[in-house]
Amino acid sequence: MSLTSQFNSSYQPSMVSPGVLRVASDDYYYSYDFNARILIVRSNYTREAGPSVTPFSQLDRDSLIAARDKLVELGGRPPELPAEPNSLPGKPARLNP
């Protein structure tokens with residue numbers, strides 16, 4: 001068994017709604033909400049602590065694409081991800097002393 005298949009077998013993805021993918025592991029639930037464009041992470045151990053919320057803009061784009069593709073594979077209909085920002089360096093902002 002390869003490391004990738006071993007890693008992938010420990011996570012169970014499921015569709016919560018047409019725009020939300022939940023990935024469960026032994027310790028955490030990861031909910032990719034494509035409508036709100038946020039990732040919500042909940043721990044199975046710390047019920048007292050609230051969930052961690054991260055905007056999609058702070059996540060790795062390749063991971064988001066993979067999560068969206070999995071949701072579509074499961075029958076979901078998430079909105080398209082926004083276009084990737086231009087990676088060419090622009091004119092740097094000027095600082096006013």
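Which residue with a positive phi follows α2? Gly-75 does, and its phi is near 105°. The model described here is predicted.

**Helix α2**

- Helix α2 runs over residues 61-73, which makes 13 residues.
- The buried residues in α2 include Leu-64, Ala-67, Arg-68 and Leu-71.
- These residues lie on the same side of α2, because the arc they cover around the axis is only 100°.
- An α-helix has 3.6 residues a turn, so residues three or four places apart point the same way.
- Asp-62 and Glu-73 are exposed, and they sit on the face of α2 turned away from its buried side.
- Among the elements that cover the buried residues of α2 are the strands β1 (12-17), β2 (20-24) and β3 (28-33).

**Aromatic pairs**

- Two aromatic pairs are found when the whole structure is searched.
- One of them joins Tyr-28 and Tyr-30; the pair is tilted, with 6.1 Å centre to centre and 45° between the planes.
- Tyr-28 has a relative accessible area of 35% and is therefore partly exposed.
- Tyr-30 also counts as partly exposed, at 22% relative accessibility, since the cut-off for buried is under 20%.
- Phe-34 and Phe-56 form an edge-to-face pair, with 5.2 Å centre to centre and 70° between the planes.
- Phe-34 is in the loop between β3 and β4 (38-43), while Phe-56 is in the loop between β5 (52-55) and α2, so this pair ties together parts that are 22 residues apart in sequence.
- Phe-34 is buried, because its relative accessibility is 0%.
- Phe-56 is buried as well, with a relative accessible area of 8%.

**Pro-82**

- Pro-82 and Ser-57 are 25 residues apart along the chain, and their C-alpha atoms are separated by 9.7 Å.
- With neighbours within four places in sequence left aside, Pro-82 is in contact with Arg-37 and Arg-61.

Key: Residues numbered from 1 in each chain as written. Predicted model: local features only at pLDDT ≥ 70, side-chain atom pairs only at ≥ 80, totals over all residues. Heavy atoms only, no water. Helix = DSSP H or I, 4+ residues; strand = E, 2+ residues; numbered from the N terminus. Expected span 1.5 Å × (residues − 1). Buried < 20%, exposed > 50% of the residue type's maximum accessible area, 1.4 Å probe, protein only. Arc of directions from axis to C-beta. Contact = heavy atoms within 4.5 Å. Phe/Tyr/Trp six-rings, centres within 6.5 Å; stacked < 30°, edge-to-face > 60°.
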